[in-house]
Amino acid sequence: MDRLRQLSRILGALRRPLPLTLTLGVVALVALGGVALGGAWRGGGVGGLLPGKHATPTTQPVPPVKLKLTPGDKATGVRLDAHAKVVASGGRIRSVRVTGPDGKRLSGLLSENGRTWVSAGVLEPGAGYKLTVVGENPVGALTRRTSSFTTLEPAGTLGTAIMPLDGEKVGVALPIAIWFDHPVADRAAVERRLKVESSTPVEGAWHWFNDKEIHYRTKAYWHSGTAVTLRASLAGVDAGDGVWGLHDRVVRFRIGDSHISVVNTTTHQMKVSSNGRTLKTFPMSAGRPKYPTTNGIHFTLEKAQQVTMDSATVGIPRDSPDGYYEKVFWNVRISNTGEFVHAAPWSVGSQGSANVSHGCVNLSTANAIWFYRFSQRGDVVQVIGSPKQPNGWSLGVVDWNMSWSKWASGSALH
């Protein structure tokens, strides 16, 4: 109805005389089904006319990108395992630069959408870092932000000594042992950073003997030929009580032939085998009744062509009837409490018939030389028939004379 009224008014106006050009212009507009009203064109379709309105263009400014930087500016005592982080809202990150001591740059990872950046790696102790970030909003306007922070100074740093050595070939019984130079208060945090990889699948577990020593042992002996890698990823680990790890270590070693020697203190014989085949049977003399050799499974720790043996180191005064202080040759250590397989030319007459030593396994010089050359660290030397049972702690003896369930229960992650 509104459109009809508009059309009626227009037709009424046309009844009055108008200049020819104006008349033709009005008719043309009617024929096209639209009308120019108020300076704006509004199409009404055939037979329809719509009133128009003035179009007023509007533009709103695009706000700058917001950048959140972590840690906060001038933060102190930042943990070494913390990460510098940048989050952009209302735009994206164009660049991030984090510089530490001596201008060293810290690498990082930018998310696919360009809105988040997180640093990689471990922060250095007691160090200052500067963070410089540039971001842009959707129309390309740039925003620059800077901040700085300082990391904590540890009470101590976690150094390690590791057995075996990198690149070493060892026997089938050698555990992995790590000695820390500071006490580990958070054993679980440190143990989670210790990974053992082997070319032949094994079942193994870590066992803590105290807060500075941990061993990894397999449930059964290693398989000969196995390649093993220890990854001690201790950089940035919080060991507790202000002690932090700063460095990672990787140790790779290989398992050699399976050398297993059985020392029978009853028959006074020592049978030596390699990969299941008996190579030698030696007459020997083990510890006398007063100083018996420790029973059970030992593994060889080291060997030395010459050792000065001192009875005082095992609690026997040198000037006592049982005391001694002398050079001994062709020594293979089988415990950390003074037990060796070594040359003993003074006891050859008793070898094969009686136990007369202070706890070591005595061989003739010729047999001791053969065994010395045959041995590698981690070989099995199993003593049977002795009345002295393993007790307490002794490297070389304790690892394989503990039940598997007890061993595995010594893990901090058990």
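Let's start in the loop between strand E19 (238-240) and strand E20 (243-244), where you'll find Asp241. (Strands, marked E, are DSSP runs of at least two residues, helices, marked H or I, are runs of at least four, and both are numbered from the N terminus.) This is a predicted model, where local features need pLDDT of at least 70, side-chain atom pairs count only at pLDDT 80 or more, and totals for chains, interfaces and linings use all residues. Residues are numbered from 1 along each chain as its sequence is written, and side-chain values use heavy atoms, leaving out hydrogens and water.

Asp241 isn't a glycine, yet its phi is positive, at about 55 degrees. Most residues other than glycine have a negative phi. With 69% relative accessibility, Asp241 is exposed (exposed means over 50% relative accessible area, buried under 20%, partly exposed in between, using a 1.4 Å probe and protein chains only).

## Another positive phi

His268 isn't a glycine either, and its phi is near 65 degrees. His268 sits in the loop between strand E22 (259-264) and strand E23 (269-274). At a relative accessible area of 11%, His268 is buried.

## Two cis bonds

Thr70 to Pro71 is a cis peptide bond, with omega near 0 degrees. Met163 to Pro164 is cis too, with omega near 5 degrees.

## Around Trp407

Trp407 is buried, at 0% relative accessible area. The charged end of Arg217 sits over the Trp407 ring, 5.4 Å from its centre (the rule: NZ of Lys or CZ of Arg within 6 Å of the ring centre and within 35 degrees of the ring normal). Arg217's charged end also sits over the ring of Trp400, 4.2 Å from its centre.
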